[in-house]
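Morning, everyone. Please have the sequence and the 3D view open while I talk.

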Amino acid sequence: MLETTVTNNENISALARKAYDQAKKAKTWEGARSQLREGFDAIRDSSESSDREKALANLGIVCGHKASGSETAANIRYRFMKTIISPPPSFSDAEHQSSYSNSDLTIAHKEKIGNGVCHTYKVTLKSGETAVWKPVKGEPADRKRKYIPPKTGAQREEAASYLAEWIGVWAPKAVYVTTKEKNSLIPWKETQQKGALIQWIEGKTASSLSVKPSDIREYYPQKYEELSLFDNIIGNTDRHDGNWMIGNGDVIPIDHGYAFPEQNLKQSKNYDFADQAFTLSEQSKTKLENLMKHKAEIEQKLIPLIGGAAVSAMWERVNKMIETGAASPWWHT
Ligand SMILES: Nc1ncnc2c1ncn2[C@@H]1O[C@H](COP(=O)(O)OP(=O)(O)OP(=O)(O)O)[C@@H](O)[C@H]1O
Ligand SMILES: [Mg+2]
């Protein structure tokens with residue numbers, strides 16, 4: 001049996017590890033899962049603190065994993081351990097800065113990743129930095145969303161990353177830039193291309209881990225609200241389980257090329273965190289009010305990237321949330 005009272009954060013981590021150790025010994029997936037659940041309950045009953053939330057999140061995410069037929073029990077358990085014991089995210093302020101805009105944006109190496117409709121690459125820059133590169137050229141020319149103009153995904157990535165910082169959601173930094181690359185056919189020539197350069201995240205997509213939005217809602221409600229607020233603000237129409245990741249002990253949203261619709265009208269796509277109504281916490285309301293207070297500054301940044309119509313539609317969503325004290329899917333249903 002696990003202890004049920006803990007008084008400090010070290011004990012919370014100890015409880016998480018203990019639960020994991022016991023899960024490891026279990027012979028079956030169900031046995032492991034029940035040990036983890038027991039650990040979760042023990043932590044939930046323990047003292048209040050923000051670290052407790054984090055520990056719960058780690059354990060909760062683990063509990064939410066489902067075994068898929070092709071995986072061996074050893075693999076699943078290894079994954080658990082990595083998730084449970086990985087430290088909480090501690091990204092420095094420097095990582096939030098637009099580090100790419102000052103460095104040499106020559107792509108030294110690139111490999112294609114993802115099998116979405118866009119061309120997405122993992123690249124190494126001449127500076128040695130690893131990043132995700134989404135060239136405008138690789139975006140489909142036809143309209144994939146009714147109210148989002150094609151070939152504007154890269155700008156939308158930067159706009160979303162900018163707003164994530166305003167509301168304090170951790171998302172990879174994204175910038176709309178021009179990179180240089182050696183032309184593969186004519187090596188003495190350089191190609192210049194516009195696109196989004198996005199900070200690389202070590203982690204796995206929710207789809208590859210079989211983590212569901214309901215797992216986040218149940219075990220890490222604070223994060224669920226944060227991501228929900230974020231997607232409702234940016235009007236994200238593409239939050240499926242390939243577009244959020246688990247890494248560094250946290251849940252990290254990625255892929256914001258199909259956000260910021262120019263109109264708030266029915267559009268059935270993917271809304272993992274914005275498909276149901278919920279009452280906003282005081283903290284979320286404060287974040288929204290803070291956006292309104294800095295409206296002029298925010299518009300100055302966003303209008304050149306995504307245009308006035310998309311920005312107006314965003315304010316419409318923000319105002320509605322402030323007026324009603326709730327987030328709701330009205331803007332896409
Ligand atoms: N910042 C990142 N750090 C690490 N891996 C990433 C990052 N962004 C994307 N990836 C990986 O690359 C995959 C594809 O990236 P992304 O989802 O941005 O584009 P896409 O799948 O081509 O677009 P879509 O599926 O929406 O058409 C992701 O599923 C993820 O595995
Ligand atoms: Mg994607």
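This is a predicted model: local features need pLDDT of at least 70, side-chain atom pairs count only at pLDDT 80 or more; totals for chains, interfaces and linings use all residues.

The protein has 333 residues, and 48% of them are buried. Its secondary structure comes to 12 helices and 12 strands. Now take the contacts with a separation of 6 or more. Residues 24 or more positions apart account for 67% of them.

Next, helix 10. Find residues 282-293.

Which residues of helix 10 are buried? They are S284, K287, L288 and L291. These residues cover an arc of only 95 degrees around the axis, so they sit on the same side of helix 10. Turn to the other side of helix 10. There, E282, Q283 and K293 are exposed. And what do the buried residues of helix 10 pack against? Helix 6, helix 9, helix 11 and helix 12.

That brings us to helix 12. Helix 12 has 17 residues. From its first C-alpha to its last, helix 12 reaches 24 Å, close to the 24 Å expected at 1.5 Å a residue. Its buried residues are A310, V311, A313, M314, W315, R317, V318 and M321. What covers them? The cover includes helix 6, helix 9, helix 10, helix 11 and strand 12. After helix 12 comes G325. The phi of G325 is positive, near 70 degrees.

Now the ligands. Start with the magnesium ion, which is ligand 2. Which protein atoms are its donors? There is OD1 of N243, and there is OD of D255. They lie 2.2 Å from the ion. N243 is in the loop between strand 7 and strand 8. D255 is in the loop between strand 9 and strand 10. So the pair ties together parts that are 12 residues apart in sequence. Is N243 buried or exposed? Its relative accessibility is 4%, so N243 counts as buried. The cut-off for buried is under 20%.

A polar side-chain atom of D255 is 2.6 Å from an oxygen atom of ligand 1. A polar backbone atom of I201 is 2.8 Å from a nitrogen atom of ligand 1. A polar backbone atom of G242 is 3.2 Å from an oxygen atom of ligand 1.

Last, two single residues. S161 is in helix 6. Its relative accessibility is 5%, so S161 counts as buried. Leaving out residues up to four places away in sequence, S161 touches P172, K173 and A174.

Q192 is in strand 5. Is Q192 buried or exposed? With a relative accessible area of 55%, Q192 is exposed. Leaving out residues up to four places away in sequence, Q192 touches T178, T179 and K180. Now look at E181. Q192 and E181 are 11 residues apart along the chain, and their C-alpha atoms are separated by 6.5 Å.

How values were computed: Residues are numbered from 1 along each chain as its sequence is written. Chains are lettered from A and ligands numbered from 1 in the order in which they are written. Side-chain values use heavy atoms; hydrogens and water are left out. Helices (H or I, at least four residues) and strands (E, at least two) are DSSP runs, numbered from the N terminus. The expected span of a helix is 1.5 Å times one less than its number of residues. Buried means under 20% relative accessible area, exposed over 50%, partly exposed in between (1.4 Å probe, protein chains only). The arc is that of the directions from the helix axis to the C-beta atoms. Contact means heavy atoms within 4.5 Å. Donors are N, O and S atoms within 2.8 Å of the metal (3.2 Å for Na, K and Ca); water is not among the atoms, so sites may look incomplete. A polar contact is a pair of N or O atoms within 3.5 Å; within protein, one must be able to donate a hydrogen and the other to accept it, and residues adjacent in sequence count only if both atoms are side-chain atoms.
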